[in-house]
Structures are given as C-alpha cells and as structure tokens.
Amino acid sequence: MQPGWLARHGLTVPVAILMLVLFLLVPLLPGEYWTQVATEILILGLFAMSFNLLYGYMGQISFGHAAFFGVGAYASAMLFTRLKTAGGEIGMLDFFLSLAAGPPVAAVAALIVGFFCVRLTGIYFAMLSLAFGELLFYIVFSWYSFTKGDDGIQGLLPPSFFQDAVNFYYLTLAIVTLALLAMWRITESPFGYIMRTLRDNQRRAAFLGINVRLHMLINFVIAGGFAGLAGALWGPFSRSVNPGLLGWQESGIAVFMTLIGGAGSIVGPMLGSVIYTMLQAVVKMYTVYWPLTIGTIILLIVLFLPGGVLGLVEKRLKARRDGDAGNREA
Amino acid sequence: MSTSDRKWEALIDNLKLSRRDFVFTTLATGALTLTPRLAGAQAAKPYKIGVLLPSTGTGANYMAHCIKGLPVAIAELNKRGGLLGKHQVQMVYRDDETKPDVGAREAKSLILNDKVDCMFATYSSAVALAVQEIIHEHKVLHFAATSNSSKITQDNYSPYTYQFCPDSNMQSGAVVVAVSRMATKNKWKSYVSLGQDYEWGRDTHKGFTTGLAKINPEVKEARQMWFKLGETDFNSYITAIMAAKPDFMFGAIAGKDAETFMQQASQMGLFKRVPFPGGLIAVNDLKAQRKTLPRGIIGLARCPFFAHLKEPIMQAYIKRDRAAFGADGYPDDWACMYYDALGGLEQGAKKAGSTSTEAIVKALKGASIDTCRGKRTFRDCSNQLNVPSYVGEVWDSPDYPFPIYKPETMIQVEGNEVWTPTCEDVEKLKKKRA
Amino acid sequence: MDIGPYVLQLFSGLSRAMVLFLLSAGLSLIFGVMNILNFAHATLWLLSGYLTFSIFTFLSEQLGASPWLLLPAIVGATALMALIGFALERFLIRRTYERDLPEQLLLTFALVLIIGDLIKLVWGVENRRINLGVQPVEMFDTLINPYHFVIVGSGVAVAAGLWFFLHRTRLGKIVRAAVYNRNMVSALGIPIPLIYGLVFAAGVGLAGLAGGVFLPLLPMALGVDHDVIVQCFAVVVIGGFGSMLGTFVASIIVGVVYAFSILFWPDGALAMIFLIVIVVLIWRPWGLFGTELRF
C-alpha cells in the first residue's frame, strides 16, 4: 500500500468493498425478510449519502433535504400511475421511465430552493432549508387534485420480474452502487475539493476567486438529484408514497444515519443506514420507545463520537499507525 | 426457542435452586407444556394475528384501550380452544406510528418475518391504504376496524380487506340525517363549516354539504373555514364563527384537534350561541373529557357500547374488560370494533371449516356474523359490514361516571340506509389491481 | 358598519400574539445570548404543561377543586422547569460550545425525541386537560372567554419584566454585554458559565411558564410540541434572532395577521405566515430587529 493512501482516502475503499460483498450475499439468508430490510437500507443510505454531500463535504446542515427525496418519489409515482395499464400492471420500459423521472424533477426543485438557500449559511441556511422543506410538504399535502394529498398514491407495483424481492434488491444494489461511484467521482474531483474549501473557510474561497454561491448551488442540485433517485426507488419498494416523505422527520433520518456512520467519508452514511435500520428493526420488536433510544444514541454520538463509527475506526487506526511510527523512530 | 426450552435454560442458569426444587419445577414445566396438547385434539398450528396500531403519533391515545384489550379477548378465545377449537391464537403487535411508510414496513415485517396469517390494521386511513398494498400482494387477510375512509373498501378495494367500522360516507350520511331533522324542525337557514385541512376533513365536509343540500336545499353554507392539523388556538376561528351568526355550525374535525376545539369553544360560550351537531364524539372522548365536554351537544359515534347493552356479546365483553381494567374500563368504539373483528375471524374460520385465508375470505363474503352490535351482514361488493352510525346528545347518566348519549334522543342510522354509492358505482370506483 | 367583529378579531389576534410571544420569548433569549437554537424548546413547554397538570390535579385532590390552584401549579412548574434548564445547560449544552453549529443543533434535536418519549413514559398516551370552570363573558354582542385576558396580561407582564430585567438590572446588563462580547465580560471577572446557565434556565423557565399558563386552554397531547415549534421559529425568524423587542413585535404581526386572514382568506392563513417567513429569510435573514452581527 502506498504511504499516505490511508491519510488521503481513509477507510472508504475497504469499507465500501466489504459492504458491497456483504450486500451481495444478503439474499442467501433464508426468507424474503432480510432482502427487504437490505433494500430499505440501500435506498435510505443513498438518501443519507446525498445529504452528506451538503453536510460532510460542504459543511451546511439542511433540515429540508427530505423534500427532494419526497419530490423524487412523487414524480416517479405520478408518472408510474399514468403509465400503468388499465389492468394495473406496468411494462418494464415504462417502469424504468418512471424511475428516471425522479432525479430530474427533484433536481429542478433543488435548483429553485437552492437558489435562495445558498445565499445563507449556518443557522440561516438550516432554517430556510427547513422552511422550504415544510412548504413543499404543505403543497404536496394540500394539492389533493394533483397529488391525492394525505391519502398518498398507492398501486406502485413493479413489473412481475421485479415483484420478486431478490430481483428488486439487486436492481437497487446496482443503481445505488452506480450512484455511489458517481458521488465518489464528484467528491474526488476538483469540484469536490472546492466543496471542502467552502466547508472549511468560505471567505478564503471567495478571495481565491471561487464563485461561492454558484458552486454551492451546483452541489445543492446534485444532492437533490441523488435524493430524488432514492425517492424514486422508494415508491415501488414500499408500493406507495405519502406526503410524510417530505417532512422534517424524514430529513432527520438522513441526518441521523450520516452522524452515526460518520460524515467524513462517502460511505459513512451508508454504514449509518445499516446500523440505524437494523437497530430500529430490533428495538421496535421490544419497545415502542424508539425515539427515546435513537435520541439518546444521537446525543451520545454528538457528545463523544462526532465522527461517527467510521470516524472512530479511522482515529484508532491512525493512532495505532502513529504509535508504530513513533516506536520505529524511537 | 420454545417457551419450555427457555424455561429449561432459565432453570439451569439459576444455580440457587436446590436439586429437589429443580426436579419439581422441571416436571411442572413439562406438564404445563403438555397441557395445550392434551386439551386440544392434536398439536395444531397456532394462528397468528398481526396487530398494527399506533402507540405513537396522533392515533396513540385512541388505540390504547384496544391494544391492551385485544390480548384479553384473545386469551378468552384461546380458553375456548382457539380458532376451530384447536388453533391457539397468538398476537404480534407493531406500532405503525400513524405513518404510512412505517405502516407498510411493519406490515411487511409482520407478514414476512413473523409470518402472521391475518392483520388487524390500522387507525389512520392513510396508513390503511399503504398497508392494503402489502396485504393484497401477499394475500393476507386484513380486518380494518377504525380506519374508515370509503376508499379502503371502494377505490382501493382488495378482496382480502373486511371493514368493521362504518365508513366515512356512512358517517356523513348519518350526520346529514340527524341535522336534516333538526334543520327542518328549527327552520335553520344558514351554517358555517370548520374543517381540518386534509383529505379526511375535505372529504367529510363534501359528504355533508352535498348530502344536506339534497334533502334540505333551503339550508345554505354561509362560510367555510379550514385550519391546519395541530392547530392549538381556535380563538380567531371561534370569533369569526360567532360574527357570522349562523343557525348552526358543521365541523369536520377529528382527533386531538376536536378536543382542543371543543374545549376552547365551550369556554368561549360558542355552543350557547351556535349549535354544533354531529362532531365526532366517541366513547373515549366521552370518558376522557368527562369534566370538560359541554353537555347537550350533539355528537357522532361509531360503536358506543351503551347503544347495544341488550346484546349478550356486548354484555360479556363489557364485563370482561371491566374485570381486567377496573370499574372504569368500559371499552371505547375502537376496542369494540376490533373485538368484532376477532369475532368475525372466529366465525369466518368456523364457517369455512378452515383457517386458510382463501377459505375465510370466501366464507365471509356477504356473510352474516354475530357482533357486539347484533347480527350484521357484509356488503357483497365492498366487504363493508352493515353497521350503524350513532348520533346523540351528550348527557350525564346516573349509571356511568362519564356522560353518554341520551338514550331517548339517540338516533341509530343503519349502514345500508346511507352507504353510498350503489354497488354498481362501487365497481366502477375499484381500481384495477395487477 | 358594525365594528364589533373586527374589534373581537383584533382582540383574538392579540391573544394569539401573546400566546406566541410567551412561547417564543425563551427561545429568543437563549439564542440571543448563547447562540444556541433550542429545538427542544416546544418539547420543554409541553413537559411543563404536563407538570402543571399533575401539580394542579394533586393540589385539587388535597385541597378541593378551585381555579386559583392553577397559580401555585404554574409557579411550581416554572421553578421545576428552570431547574431542569439549568441542569441541561450544565451537563449537556455546555459541551457543545466549542463545537460546530450542526452539532449544537443536533443535540437539541435529539432532546426533542428524548424528552418527548419521557413524557410518554411518565404520563402515557392519554391527553391531559383541566377545567377551570370559567364562564364566558358578554362583550360586544358576543361571548368571550375571560381567560384570554389572563393570557394577554401574562404576555405583557413577561415582556415588561424581561425588558426591565435586561435594561434596568445589573445582571440583565451583564447578560446583554455577554451577547456582544463574551470574552470581555469574562475578562472583567464575571463567570460566563454561570451567566449561561442562568440564561438557559430562564429561557426554559419561560417555556415552563407558557406551558402552565396555556393548560386551561389547550389539552396537552403528545406531539403538540411538533406543531408548535414551527410557529416559534417563524416568530423568532421574523422578529430577529436575539431581539426580545423583535420577538414581541413579530408575535403581534403574526397573531393579528393570522386572526384577520381568517376573516378574509381562511384557507390561506397559514400560507401567509409561511410566506412572510421565507421572504424575511431571503431579504433580511437577521429579521426585522435583529442585528447583522448575528449573521
């Protein structure tokens, strides 16, 4: 291994490869249930990773990110409903068309919202993103004639090949892996490094001649697009969509996953998704006090483990390596 | 791990037990596990009911009695041998948090992981619609007994869904009947509507306004006002209503907003000026708000126990719940209806002679069952049970520590009098399922 | 023209405004002094409502029912909440001062979940309400609930009290100084940690007071905090983070606008408020009375 490779890329690649292998093996478990859980982990993990483009890489916290998840879900669901045959089935091509509708519509929404949000930073960014998120939720919730409002949209049954949980799972895995690779490329490109500069020192970036607002907006749109992709997958997975997908509580899920897994790398949020989803499944079997559980965990992580699980592992590895280096010198 | 294995392990771990105790307890445990097998005919597979109701979110306080009451009812059923006298019934509970995607997920979990044979779900109609997609796909029996949007049995129809609660159209229809009588008697001319701004509120409002306009066209709606769910301050709405000086007001308000509105409105004396007939006041509201609910107000209920005190099933049910939960433990509307669902399951299995879903679905189609509301029949085209809606006056009864509907003036509007639309139109509404 | 309805709507708007002010004052105070946005503010308010309910019910059982028992109940709950606030600051909030903003926000966000479930753990899922037995009063050819006078009175009293505290007392002046230059105040030998603790306690205490005062009007239910926190944010954003005057004025604007839009455009009352918030955030993010320093 090249020296400094760990310093440059952290654990991202080994963790990603490990997770990919494990994900590939999930359907070997008996029954359909774990495949379904893993599908949910992948979709929400993608959502969380898109959030992390704004949080970990650009340094801004958005409490309205789920609005793009939900917009993607709804765009996809509404096209799905129109492409469905009278018999309630959907053709394979039409199915992929409906999936493809999610990201662009979400990206457009992100363009509009982002145009205003990137003028602010810090707490004002957080507040405005929350306000817009709630506004979008309110629109979807109230516009019954268009979105069927509170009732949501049902009947999102994929074509029979993908009704099989394993097939849908591998489709999701393929799409999410491709998305992850795309995000990896973006974050490791010059654009990605500009993002990091914006996170660390916005003023300096401006002095360097970087158009801060434009770059923030581009990143916001990319993040929104990927969230929309996750949303598009969610509809057929859950067989329905509802306005709650746009609310701040849904946004909170992305935030929690990112925090748990670690915001410092591209795969951190996916790891967070694994931990969060599994934890939720187990805890809810025994108690209804899930909010208390996850709230306490987040509290402890914020106080003692701000880098998340991956952050902790990296720190330990670095400490060991530095310890070794120190020993070697001595 | 079976219960006996677990007990075995626990015994072994507990080294404090003397040898004699150990042997004795083991024998006793062994005897206990044998008992069901001895009592029943053969070792019959237990029947699992997945109960998907909220303990979190807006539905939580309505479902509390139901969630604790179902195990009591199931235990009694199991004492009689369970379904068909041989299948012990097990209940697996999951919280749907009053959220559709959580509901869909937990439904999948119940069906795929816990392998339930039947689902009792849910509280919220939005959640019910999402859950229906799952139960239909996996061909699992679905008994709805609180979520009551007409879409559940019409637009989103599934042959596996059976509805034990009067649906939204039936409820609106009942209110129209009651209000129409009052409007004619009192020569009312105008009213103001206040509603929760979401699907149910809009739907209920439309049902009422169109229904009333048909029978009493001389009664006109002067204004309609809408508020966001979770409104905490109705002050401005109430002053606006009073300023309009209507003959009466109509409310499409449910849940905790209904309680907030009633409390604030009665404190402002609204109901002294403007009658408010037909708001949803279920038994749990009568019990919980016994100190604050204005008396004389006309309310709407879905399954009040005091309307069917003569039914033996209701009598036994009340007795059992009060024994389990104390003197105040009268079951509320929701608990009663889910209890009827359990009864429906038992009778469906009996009629089918089997616990298979397909057999029960066929057996219950258009069938008559005995419920705590008497003998009731399922509507052929929608699997909606023909049950009444109840409109009555809130009144202090000497028999109960909480108000009930005054028996002399309570109206029971039968389901089939007001279930709209016709079966022909229902068929047109049903969406095609793949 | 009959001005009765308009006067009544104005009064109801003012009552609503004072409700909002009482709710938001604590949030604004804490943010103004400590730069902490306490997401859990409404949840603490809800906790206080439940506490007041329990104290009131207990006292009623011991001493016989009387609406005046509400007073000691409110005092008790407020004191308890102030203590809780002090403890929260000392053990939790304090650890995030050196951290980035997102982590501070997340901490209070987590508190929303924790405290919300703790309320459920202790009081269960049933709603709680009390009945003071107050009779409506005739005014302008219609009836009103005289308790609204209590609300308006409380709001004005709290506003006046806060103003007096911040501008006329030594401690208040220290607090205001700490807003502008924490280090300087510390250098003058004044213990900043203690000041922060007291301010946080005061903010939470205000939330506690609001919870108690509203109990006769609003049945306490789980999840009400989620509905209410958004309104608090709206008021604080419009008025300006950190400005008590801003919060007061914004409360009046929001309250009265809402009340009157019900008369003229009932559907859009909430949308109006939303729009005002978004416009303020875009055009003047630090609010009507906030200072650009805060930005």
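Okay, let's start with strand β1 of chain B, residues 47-52: six bridges join β1(B) to β2(B), and the two run parallel. Strands here are DSSP E runs of at least two residues, helices are H or I runs of at least four, both numbered from the N terminus, and two strands pair if DSSP finds at least two bridges between them. Within that pairing, B:Val51 sits opposite B:Tyr93 of β2(B).

A word on the source: this is a predicted model, where local features need pLDDT of at least 70, side-chain atom pairs count only at pLDDT 80 or more, and totals for chains, interfaces and linings use all residues. Residues are numbered from 1 along each chain as its sequence is written, with chains lettered from A and ligands numbered from 1 in the order in which they are written.

Now the helices. α3 of chain B, residues 60-79, packs on the sheet and touches β1 and β2 of chain B, its direction making about 170 degrees with that of β2(B). Contact means C-beta atoms, placed from the backbone, within 7 Å; angles run from 0 to 180 degrees between N-to-C directions, with axes fitted to C-alpha atoms, for helices over the stretch in contact. Then there's α4 of chain B, residues 100-113, lying across β1, β2 and β3 of chain B at about 170 degrees to β1(B).

And the whole sheet? Five strands of chain B, open, parallel, in the order β2-β1-β3-β4-β5. At the edges, β2 (89-94) and β5 (161-163) of chain B each pair on one side only.

Definitions and conventions
Contact = placed C-beta atoms within 7 Å.
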